Amino acid sequence: MSQHHQEKELRLPATINSLTTLGIALRQFLAALQVKETWIYPLDLALCEAASNIIRHGYHNDASAHYRVHFSHDGRAVTVSLFDSGVPVPEDKRQPPVIDPDAPLDLASLSEGGRGMQLIFSGVDRVSYRQGEDENQLTLIKALP
Amino acid sequence: MKLETEKIENALLVTPVVRRLDASVALRFKEAVTAVIQQGETQLVLDFSRVDFIDSSCLGALISLLKSLSGKGQLVLCSLNGNIKAMFALTRMDRVFTLCSDRSEALAAIKRGS
């Protein structure tokens with residue numbers, strides 16, 4: 001496994017179609033690390049959910065807007081930061097959601113959405129959020145195996 | 001959104017031909033399967049053997065499809081890879097959907113439920 005620090009940054013339009021490009025870029029960045037798919041998938045999923053939130057809730061699918069994604073690793077962990085200038089994540093959504101494992105799973109009342117934050121927090125080791133004056137930054141950190 | 005379909009007895013096997021079933025295609029996926037249901041197919045097996053990745057939008061689409069069939073038919077999922085199965089378990093959707101290892105098991109599940 002490469003121990004050298006590596007970085008990569010890309011700028012993407014705030015459209016839902018950018019998610020495919022983002023997933024490909026993540027996997028290209030990780031290719032040199034030779035980590036298993038079982039390690040990659042939760043990070044890919046967390047990143048996809050985070051970017052999807054920026055596009056839909058932060059920018060309301062404004063295709064003229066853009067977000068930036070910065071990938072880095074130092075041989076010990078992979079860090080992915082997303083930068084946007086859209087509507088910030090509400091404060092009550094910045095902590096891991098409380099999931100009741102015994103809550104009833106009645107199909108009629110089952111929501112079609114609302115699982116994104118759970119997948120973000122469970123897919124990586126650390127999530128941090130900074131709301132700046134001009135830019136928001138969401139950072140995902142996942143330790144390498 | 002390309003779907004391959006195959007009718008076996010009273011069940012329709014539907015295979016999404018896409019590697020990433022994320023939010024960029026989830027709506028088209030839901031619309032394509034909904035169209036199949038509207039054509040009268042109510043015993044459905046969704047075969048995920050060609051899908052490597054799904055996100056929460058796809059889960060939402062699947063919940064919507066299951067609701068649309070509720071009481072009128074069956075939706076069974078098969079051939080999910082280990083990572084997708086883990087996601088179903090994490091979100092407890094493995095307790096909502098019938099998950100089968102392959103087509104044969106899924107068709108048997110449809111037959112049992114008919």
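**Entry 1. Overall size of chain A.** I looked up the radius of gyration, taken over C-alpha atoms, and found 16 Å for chain A, which agrees with the value near 15 Å that a compact globule of 145 residues would have. The globule rule is 2.2 Å times the number of residues to the power 0.38. The C-alpha trace of chain A spans about 50 × 40 × 25 Å along its principal axes.

**Entry 2. The model.** I note that this is a predicted model, in which local features need pLDDT of at least 70, side-chain atom pairs count only at pLDDT 80 or more, and totals for chains, interfaces and linings use all residues. Residues are numbered from 1 along each chain as its sequence is written, while chains are lettered from A and ligands numbered from 1 in the order in which they are written.

Entry 3. Of the 145 residues in chain A, 28% are buried (20 or more other C-beta atoms within 10 Å of the residue's own, C-beta atoms being placed from the backbone).

**Entry 4. Helices 1 and 2 of chain A.** I examined helix 1 (residues 18-30) and helix 2 of chain A, whose axes come within 10 Å and cross at roughly 145°. Axes are lines fitted to C-alpha atoms, for helices over the stretch in contact, and angles run from 0 to 180 degrees between N-to-C directions. The crossing is right-handed (the near helix is turned clockwise from the far one by less than a right angle; anticlockwise is left-handed).

**Entry 5. Helices 2 and 3 of chain A.** I found that the axes of helix 2 (residues 37-58) and helix 3 (residues 116-123) of chain A come within 8 Å and cross at roughly 140°. Helix 2 of chain A passes helix 3 of chain A in a left-handed crossing. The residues that meet include A:A46 and A:E49 in helix 2 and A:L119 and A:I120 in helix 3.

**Entry 6. Chain B.** I recorded that 23 residues of chain B are in contact with 23 residues of chain A. Helix 2 of chain B gives the largest share of its side, 8 residues.

Methods
Helices (H or I, at least four residues) and strands (E, at least two) are DSSP runs, numbered from the N terminus. Two residues are in contact if their C-beta atoms, placed from the backbone, lie within 7 Å. A residue is buried if 20 or more other C-beta atoms lie within 10 Å of its own, exposed if 12 or fewer, and partly exposed in between; C-beta atoms are placed from the backbone.
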